[in-house]
Amino acid sequence: MVLGPGGSGVSTLAAAGALELARAAAPARGSGPLARADTGGVLLVSVDPRSDLPRRLGVFRVPGQPVPVTGELDLLHLDPLAVTETAWSGFTGALAGVGAARSLPLVGTLTGVDAGELTGLPGISEFLLLRAIRDAATSGRWQRVVVDLSGAGDPFAVLRSPTVLATAIDRLWPRHRRLAEAAEKPALAQIATAVEGIDRDCQDLRELIADSHEVSVHLVGTGGQRGLARIGDDVAAADVMGLPLRSVLVNAGSGGLPTEAVLDRARGLLGSDAGSAVSMVTIGAHDEEPVRLSRLRKLRVALPAPNGRPRAAAAPVVEHVGGEGLDAEYRLSWRQALPDPEQLALGRSGDDLLVTIAGFRQPVRLPSVLRRCQVTAADWDGARLSVGFRPDPAVWPQR
């Protein structure tokens, strides 16, 4: 997954990285369309409805269908509204055929909602995009999938959409309630099953995004003061989400803006990760805009593969630091970039610790031993965020 702020060259570097992966795959299986097997090669996915990648890659724009670019590379252009309309049509079509349930007010309300209205619901459009990407990635047709997350608003909001939608579903129709109501009212069983399927997809996507064995994230920045100001917030967001960050690409573009200060800032925030798991790369300035396939190839952008090493909030450490029973003390910690410690805020919602960094709030699922505890303290030592816990007498098991 390639992401970064608008105007940083995310599409360019995603396309160049996909071409480099395709080039590396070609010698092993031969080159040219006749050498192509049923599975293998690389898929480049764009989620920007106005993306110019088809023109730059020299292919027709065919939303929703993979289009061959080279013998080893396909382009899949996803239109968020079209993806939403297709998914919602299938969902409401199933509801309309539920027989007796058609007389229920809930079903009538849902089937009367237009797909275009769904885009206002929290996380739904982004969730459906991620689900379409996951389905392509797990189809077995491609060995590698490169996702260009530019053009879809805030990329971090896209990646946390499964969490947002799952929370909204649980508030609107809590799981214990929908299962109980489905058992009492058979007419609701199919609706509950459909909602349960969406909830399972949310959990699956939430786990997939942080899976360092399957996913690698590549953060794009720009040189100059703009890039320096943004890189801190982006690394902090990647940390608190536990994203499997593998490289930071600072794009000098055609303007030749200095990039070393941005890379130094990223190295400082990532600490020891920068020397082992996260590559630091400068994409040099180029005289010609990479608007054609041949020019994109010349960039030779490397996108490191997943390395199986969870990081930041996806690799928390839980320690029993003293005491027993209700007097026990625990500490939860992970490596966390904090460009502005004054903007750190912590809260609690059920089994989640709510962490707010520079206006970005992310729920971090607590290990089971801490879910029956209260937060007592928090500290940041310049590298790791540590949160203290003590058992909550109201819910802690008593002997």
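The exercises below concern this predicted model.

**Exercise 1. Confidence**

Task: State the mean pLDDT of the protein chain, and identify a stretch where the pLDDT is below 50.

Solution. 
Step 1. The protein chain has a mean pLDDT of 85, and 84% of its residues reach 70 or more.
Step 2. Where pLDDT is low, predicted coordinates should not be read in detail.

**Exercise 2. The nonpolar cores**

Task: Determine which residues of the largest nonpolar core touch the most other members, and list the contacts of Leu159.

Solution. 
Step 1. The largest nonpolar core has 75 residues, and the members that touch the most others are Leu159 and Val248.
Step 2. With residues up to four places away in sequence left out, Leu159 touches Met1, Leu3, Leu130, Leu149, Ile209, Met241 and Leu243.
Step 3. Another core, of 28 residues, lies apart from the largest one; Val10, Val42, Val146 and Leu293 are among its members.
Step 4. As a general background, nonpolar side chains tend to be buried together in soluble globular proteins.

**Exercise 3. The setting of Ser161**

Task: Decide whether Ser161 is buried or exposed, and name the residues it touches.

Solution. 
Step 1. Ser161 belongs to helix H7, which spans residues 161-172.
Step 2. The relative accessible area of Ser161 is 1%; because the cut-off for burial is under 20%, Ser161 is buried.
Step 3. Not counting residues up to four places away in sequence, Ser161 touches Gly123, Glu126, Phe127 and Leu130.

**Exercise 4. Salt bridges**

Solution. 
Step 1. Asp201 has 17% relative accessibility and counts as buried, whereas Arg131, at 21%, is partly exposed.
Step 2. A network of salt bridges links Arg131, Arg134, Asp135, Asp201 and Asp204.
Step 3. Glu181 is partly exposed at 25% relative accessibility, and Arg177 is partly exposed at 38%.
Step 4. Arg267 counts as partly exposed at 32% relative accessibility, and Glu260 does so at 42%.

**Exercise 5. Strand S4 and its partners**

Task: Explain why strand S4 is described as largely enclosed, and identify the strands that pair with S4 in the parallel and antiparallel senses.

Solution. 
Step 1. Strand S4 covers residues 73-77, and five of the five are buried, so the rest of the structure largely encloses S4.
Step 2. Leu73, Leu75 and His77 point one way from S4, Asp74 and Leu76 point the other way, and all are buried. In a regular strand, side chains alternate between the two faces of the sheet.
Step 3. Strand S2 (residues 42-46) pairs with S4 in the parallel sense over five bridges, with Val42 opposite Leu73.
Step 4. Strand S3 (residues 67-68) runs antiparallel to S4 and is joined to S4 by two bridges. Asp74 in S4 is the bridge partner of Pro68, and a hairpin of four residues joins S3 to S4.

**Exercise 6. A three-stranded sheet**

Task: Give the order of the open sheet that contains S12, and describe how helix H10 lies relative to S12 and S13.

Solution. 
Step 1. The order of the three strands is S11-S12-S13, and the pairing is antiparallel.
Step 2. The edge strands, each pairing on one side only, are S11 (345-349) and S13 (360-365).
Step 3. From one strand to the next, the twist averages 25°.
Step 4. Strand S12 (residues 352-357) is joined to S13 by six bridges, and Leu353 stands opposite Val364 in S13.
Step 5. Helix H10 (residues 224-241) lies across S12 and S13 and runs at about 20° to S13.

Note on methods: Residues are numbered from 1 along each chain as its sequence is written. This is a predicted model: local features need pLDDT of at least 70, side-chain atom pairs count only at pLDDT 80 or more; totals for chains, interfaces and linings use all residues. Side-chain values use heavy atoms; hydrogens and water are left out. pLDDT is the predictor's confidence in each residue, from 0 to 100. A nonpolar core is a set of buried Ala, Val, Leu, Ile, Met, Phe, Trp, Tyr and Cys residues joined through side-chain atoms within 4.5 Å. Buried means under 20% relative accessible area, exposed over 50%, partly exposed in between (1.4 Å probe, protein chains only). Contact means heavy atoms within 4.5 Å. A salt bridge is a side-chain nitrogen of Lys or Arg within 4 Å of a carboxyl oxygen of Asp or Glu. Two strands pair if DSSP finds at least two bridges between them. Axes are lines fitted to C-alpha atoms, for helices over the stretch in contact, and angles run from 0 to 180 degrees between N-to-C directions.
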